[in-house]
Amino acid sequence: MYSPENIRKYFPILDSEVNQHKLVYLDNAATTQKHQSVIDTVSQFYEKENSNIHRGVHYLSQLSTNKFEQTRESVKNFINAQHTHEVIFTKGTTDSINLLAFSYSKILKKGDEVIVSEMEHHSNLVPWQMCCDYSQATLKVIPITNSGELDMSFFKKELSKKTKLVALTHISNSLGTINPIEKIIELTHQTDAKILIDGAQAAAHAKLDVQKLDVDFYCFSAHKLYGPTGVGVLYGKEKLLNMLPPYQGGGEMIKDVSIHKTTYAELPHKFEAGTPNIAGVIAFKKAIDFIEEIGVENMKEHEDILLNYATLKLEEIPNLSIIGTAPKKSGIISFVVSGIHHYDLGLILDKLGVAIRTGHHCTQPVMKKMNVSGTSRISFACYNTKTELDYTVDCIKKAIKMLS
Amino acid sequence: MQDSIENIGEEIVDEFNMFENWIDKYDYLIDLGKSLPKIDEKYKVEDNIITGCQSQVWLHAKQEDNKVVFIADSDAIMTKGIIAMLIRVLSGQKAEKIINTNLDFINKIGLNEQLSQTRANGLNSMIKQMKIYALAFKDK
């Protein structure tokens, strides 16, 4: 039996008080809270295990290297990659996308096309704008519909032999839309194009199987999966990662260096220059263990219940409109209240202990399309409860009354 | 005779001190925001936007009888409340005074503590812009 109350016991921060109110944390799309085992592992690393990885022959270096590599194995199993070396550790989703965009900027040329969509987080838009600037390739943008879904007919029309890469989000961070990535990947592969899926909002809320999806690249951040900040993953098919030039130069990523010429290390190290966030990567394994113990499908089922419950309750509030009404949504609700600025609403909710996000959510093109300057956004995680949603809805009503 | 910046600031501190809890203070700020006179749409242009604020803030200034008059607005009501306070303190003062004053009253009402770093930065850019206007008029 799924029990958010039991899960909450492992998230110490959820017991805190904010502004003399019990914290209600509904900003999970920005970052999730951390499981006790993640917190303990970070502190244990610095207390007892701290050492740089891969290069040392001494005991601590071996220990931290082994633990670091165990996380890679865990991630491989978590996403069902074929090979462990297809898992590249980065600083986060943004870093993963920048890595790929940089490498692609070296192989794309004038006349090539990259397809993104209007619903992308700036992190999956700006790197491709930069990539296309550098390489003279053309960026095509799939528009979104009024409900916040991809215009699939546009996508089908634009896919051509010129398309070299499609970079799309799995779940929209500002609208909650779950994109039909299976179909999109299938369509993409009817051409020679490759596809990157930005899984920042999906990895903790959808069962992943990169082999079954046949996705070429997939990326996500540990901190949105109950893990530490500063750790991300770029999955890529072995053949493609081998083909791409490295991103950053430095230690770890080399095989042999002379003053004029360097040969690069094998995967995954080729893309991992410099000392990584060792403690974070090691602790990330604990977050994956936690998700697998509960089951991501069970978490999703619970979050879907919260999504439907909150949607119904919010729809009852006069003058409140939900932005993003796709039939398939994840646990993210963006809304506006006519005549009330999201900033004012956020400030008052904060005073009542409720953490939500307000603004454009790094998706300015979405805001423009939806004709709003910003929204208030609540987003759920496995530990949120209906009681918290009842309280939040009451607080929203109270804030509206104050601000009207 | 225009009251001094310090005196008006103290007045505002006294008004805020009348309220014990944040909710009443916010209510007061909202009321101040609502009392801010509507500004002509012609001032709501890109050039007048203060960058660094989470909500849109437009600030314009003109010189009348050797004094600086500020005209400002925001799309968020709490921000308007803050603007209303700043205008009450600084608008109609001599440029010299605006440049050299320190706005202690903001700390005294605890507004900075209420604002996150990004929001406090927004408030600071607003004050900075007001001082820049004053500086420009002083040199004229």
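This is a predicted model: local features need pLDDT of at least 70, side-chain atom pairs count only at pLDDT 80 or more; totals for chains, interfaces and linings use all residues.
1. Buried here means under 20% relative accessible area, exposed over 50%, and partly exposed in between, with a 1.4 Å probe and protein chains only. Residues are numbered from 1 along each chain as its sequence is written, chains are lettered from A and ligands numbered from 1 in the order in which they are written, and side-chain values use heavy atoms, without hydrogens and water.

2. Helix H5 of chain A spans residues 126–135; helices (H or I, at least four residues) and strands (E, at least two) are DSSP runs numbered from the N terminus. Its buried residues are Pro127(A), Trp128(A), Cys131(A), Cys132(A) and Ser135(A). They lie on the same side of H5(A) because they cover an arc of only 135 degrees around the axis, taken from the directions from the helix axis to the C-beta atoms. An α-helix has 3.6 residues a turn, so residues three or four places apart point the same way.

3. The buried residues of H5(A) pack against helix H4 (93–107) and strands S5 (113–117), S6 (138–142), S7 (163–169) and S8 (194–198) of chain A, contact being heavy atoms within 4.5 Å.

4. On the other side of H5(A), Asp133(A) and Tyr134(A) are exposed. Met130(A), also in helix H5 of chain A, is partly exposed at a relative accessible area of 36%. Tyr134(A), Met130(A) and Val126(A) form a nonpolar surface patch with about 290 Å² of accessible area together. Such patches take residues with over 30% relative accessible area and no salt bridge, joining nonpolar side chains (Val, Leu, Ile, Met, Phe, Trp, Tyr) within 5 Å and like charges within 9 Å; areas come from the Shrake-Rupley method with a 1.4 Å probe, and for residues only the protein chains shown count as cover.

5. Just after H5(A), Gln136(A) has a positive phi of about 70 degrees.

6. Between chain A and chain B, 13 residues of chain A are in contact with 16 of chain B. The buried area, that is, the accessible area (1.4 Å probe) lost on putting the two parts together, summed over both, is about 1,400 Å², with 63% from carbon and sulfur atoms. In chain A, Tyr343(A), Lys351(A) and Met402(A) lose the most area to chain B, together 45% of what that side buries. The count of salt bridges between the chains is 0, by the criterion of a Lys or Arg side-chain nitrogen within 4 Å of an Asp or Glu carboxyl oxygen.
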